Amino acid sequence: MLLNLHVKNLALIRETEVNFGSGLNILTGETGAGKSIIIGSINLALGAKVPKTILREDADSAFVELVFSVDQPHQAEALAELEVFPEDGEIIMSRRILATGRSVCRINSETVSAAQMRRVASLLIDIHGQHEHESLLAKKNHMKYLDSYAKKELEGKLQELSSCFQVYAACKKELEEASLDEEQRARELSFLQYEADEIAGAGLCPGEDEELEADYRRLAHGRKILEAAAECRELCAEGMSCASDQIGSAVRALLSAAEYDEALSGLAGQLQEIDSLLADFNRDLSGYLDDFEFSEERFSEVEKRLDLINQLKAKYGRTIELILEQKKEKEAAVEKLLHFEEYRQGLQQKLREAEEKLEHISAEVSRIRKSKAAELTAAVRDALLSLNFLDVQFEMEFTKLSHYTANGWDEARFLISTNPGELLKPLDSVASGGELSRIMLALKTVLAQNDETETLIFDEIDSGISGRTAQMVAEKIKLTAGSHQVICITHLPQIAAMADTHFLIEKTSSDASTISSIRMLDREESIAELARMLGGVKITDTVLENAREMKDMADAVRTYSV
């Protein structure tokens, strides 16, 4: 359940905090007061895209925070699969939005991606936007609603179906690419064989290029190396006043003086160690110079070998390991072409097996869908009857595609008839705006009951309805709030009267700025707000009495689980 919303520096809101209750939470206010900003801020906290102009002009950042309580074991288990764990039974989801357009999302103080926020949000809350009912006009969305309803039965099956389709599609693509004629196959075989032989003929060894490059650098700079080493030997061991002679003299001087002062013994010992190290160094340097050879022949061999390796790198890969991997792949391709018919037969067999498996899982998924579709449409029809559809038929029509997809072979759409004796027709050719709103409300309440989503948000679900229909929609929302937390923005007094908790959103303006705020209403304030919604500018005693009577009648509506 959504416990708290905290918003700062967002659009018309400077800073506000809302503590939502259980049951039905109603938000009302004048047009333009900022009602949709509240739902928009919730969407932002749940990972929605950030509009460019969402920050207040005088702010360098905005902040939205939601606090959810998690009481249901199934929710805790689903959250744990996303590595999100409630702390003291609560989850805090926040988002700081910077003026640069960047944002930082956090769940329980841990930074996460916006995608992760959306995944977590899908387990906690279901938001019905102002124009979402229009999605019913797109046939492609109907299957999504059905699959959502049948989630428990289909979840593992749909994953298996998707995997089977990927194998099937890969086999089919490979078989299509293997349709070479004799001439093409001969050309391809000749070219692959040439490339494989070219790599094999080079006799490459991993790490060989690094050794050759080191040899090349040494041989290419042989004269400079010899001159530097010879100069070093001259300075350290052979020249007049060389380092070895100088240190030897220094050692003898200190040792002669150490006879008279023991403090010099330690220093003389250190200098003797230096003399010994220098003697070792001089021997090693002389050995290096004696062994160093420069061979034009060796230099030419190294240069040619490196040129060959670099040519192969340019054609087959930037390292010897990648070149050798290419050799294996080309040899495998050669083998495949040498036994092309056997290869194609193997592919055909693999494709048949993949298609059989895909056929089986597609049929199973289709059977589950049709079974659950009957349940879903029956439940939606009952809900529609309670929403002032006097006589309604609601069904789902299935068509089998001529090809497979990652979602099976089913294509489906909702059909409806709203008048006695009228044939069932697609939604987009029958339903008006007000009817679509009620159909979506019926669908949402049925889906919410099935997947146990605890919090539902309806943003102006009352679009296009009035009169008795509005009253029946209000009662349906009230009944839904008996088993869910419902947060509803509405313009209809019939719905607002049903509130367990009523919030008023107000806009105040001054010369400097315009600010939206939200506050909870007590019973008398709620009645006054209902009167405003009923009576418009002038609220008479009669309108106020009508509002009080509407509130009393709403309180009398019996709440029970849908």
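Predicted model: local features only at pLDDT ≥ 70, side-chain atom pairs only at ≥ 80, totals over all residues.
Residues are numbered from 1 along each chain as its sequence is written, and side-chain values use heavy atoms, with hydrogens and water left out.

Helices (H or I, at least four residues) and strands (E, at least two) are DSSP runs numbered from the N terminus, and two strands are taken to pair if DSSP finds at least two bridges between them. Six strands form an open sheet of mixed pairing, in the order β8-β12-β13-β3-β14-β15. Its edge strands are β8 (125–128) and β15 (514–521), each of which pairs on one side only, and the twist averages 15° from one strand to the next. Within this sheet, β3 runs parallel to strand β13 (residues 485–489), to which four bridges join it; Leu24 has Val486 in β13 as its bridge partner. Helix α17 (residues 523–535) lies across β3, β14 (501–509) and β15, and runs at about 125° to β15, where axes are lines fitted to C-alpha atoms, for helices over the stretch in contact, and angles run from 0 to 180 degrees between N-to-C directions.

An open sheet of three strands has the order β9-β10-β11 with antiparallel pairing. Strands β9 and β11 (425–426) stand at its edges, each with a single partner strand, so that one side of each is left without a neighbour in the sheet. Strand β10 (residues 408–417) is joined to β11 by two bridges, the two strands running antiparallel, and Ile416 stands opposite Lys425 in β11. Helix α4 (residues 139–149) packs on the sheet, touching β9 and β10, and its direction makes about 100° with that of β10. Helix α13 (residues 340–385) likewise lies across β9 and β10, running at about 165° to β9.

A search of the whole structure finds six aromatic pairs, defined as rings of Phe, Tyr and Trp (its six-membered ring) with centres within 6.5 Å, planes under 30 degrees apart counting as stacked, over 60 as edge-to-face and the rest as tilted. Tyr168 and Tyr404 form an edge-to-face pair, at 5.4 Å centre to centre and with 70° between the planes. This pair links distant parts of the chain, since Tyr168 belongs to helix α5 (residues 151–177) and Tyr404 to strand β9 (residues 393–405), 236 residues apart. Tyr168 counts as buried at 10% relative accessibility, and Tyr404 is buried with a relative accessible area of 14%; buried means under 20% relative accessible area, exposed over 50%, and partly exposed in between (1.4 Å probe, protein chains only). Ring pairs link Phe165, Tyr168, Tyr404 and Trp409 into a cluster. Lys400 lies over the face of Trp409, at 3.9 Å from the ring centre, and the charged end of Arg438 sits over the ring of Phe389, 4.2 Å from its centre; a charge is assigned to this position if NZ of Lys or CZ of Arg is within 6 Å of the ring centre and within 35 degrees of the ring normal.

In soluble globular proteins, nonpolar side chains tend to be buried together. A nonpolar core is a set of buried Ala, Val, Leu, Ile, Met, Phe, Trp, Tyr and Cys residues joined through side-chain atoms within 4.5 Å. The largest such core has 56 residues, and those with the most contacts inside it are Leu376, Leu384, Ile477 and Cys488. Its largest share, nine residues, comes from helix α14 (residues 433–451). Apart from this core lies another, of 44 residues, among them Ile54, Val64, Leu66 and Val84.

Contact means heavy atoms within 4.5 Å. Leaving aside neighbours within four places in sequence, the contacts of Cys488 include Leu24, Ile26, Phe458 and Ile477. Phe20, in the loop between β2 (13–19) and β3 (24–28), is buried with a relative accessible area of 6%, and with the same exclusion its contacts include Leu2, Leu27, Ile487 and Phe503. Cys105, in strand β6 (residues 103–107), is buried with a relative accessible area of 4%. Lys330 in helix α12 (residues 320–338) also counts as buried, at 12% relative accessibility, and beyond its neighbours within four places in sequence Lys330 is in contact with Leu192, Glu195, Ala196 and Tyr316.
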